[in-house]
Amino acid sequence: MSDLSIKDIALLAADAADDKKAEDIDVLNVQGLTVIADYFVLCSANSDQQVRAIARAIDEKLSEKGLEPKKIAGMDDARWVLMDYADVIVHVFHKREREYYDLERLWSDAEKILRQEDKENE
């Protein structure tokens, strides 16, 4: 098992998404807001192929650290891929689905740990 903190795992997933040119990457701290996870990682892609490529890249990067998902759902349609790493849940959206489901609004009380714009301004 990995010695990474839960936050580190979320940030590692965000980095893997960034490596595949994901857009609008957000890491939300949802501790105390839900029992399903401590962090959500959200990102967008422009095509089904890019959604799959981002999800595979995240899976590979976390696997290198000994972290395997409990479940990956949505790879066939590649409109919204959900990757369940227990305390970290990764959402890879096709742009239209992300706008439609608007999870940032649903979880607006969550602390934003990372926004892609912040990273680009460093």
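1. Strand β1 (residues 23–29) runs antiparallel to β2, and five bridges join the two; strands here are DSSP E runs of at least two residues, numbered from the N terminus, and two strands pair if DSSP finds at least two bridges between them. One partner pair to click on: N29 with Y39 of β2.

2. Before going on, keep in mind that this is a predicted model, where local features need pLDDT of at least 70, side-chain atom pairs count only at pLDDT 80 or more, and totals for chains, interfaces and linings use all residues. Numbering starts from 1 along each chain as its sequence is written, and side-chain values use heavy atoms, with hydrogens and water left out.

3. β2 also pairs with β5, this time in the parallel sense over seven bridges. L42 sits opposite H91 of β5.

4. Now helix α2, residues 48–64 (helices are DSSP H or I runs of at least four residues). Its 17 residues should span 24 Å at 1.5 Å a residue, and the end C-alpha atoms are 25 Å apart, which agrees; the expected span is 1.5 Å times one less than the number of residues.

5. Buried in α2 are Q50, V51, I54, A55, A57, I58 and L62. Down the helix axis they fall within an arc of 160°, so they line one face; the arc is taken from axis-to-C-beta directions. The face turned away carries exposed Q49, E60 and E64.

Definitions and conventions
Buried means under 20% relative accessible area, exposed over 50%, partly exposed in between (1.4 Å probe, protein chains only).
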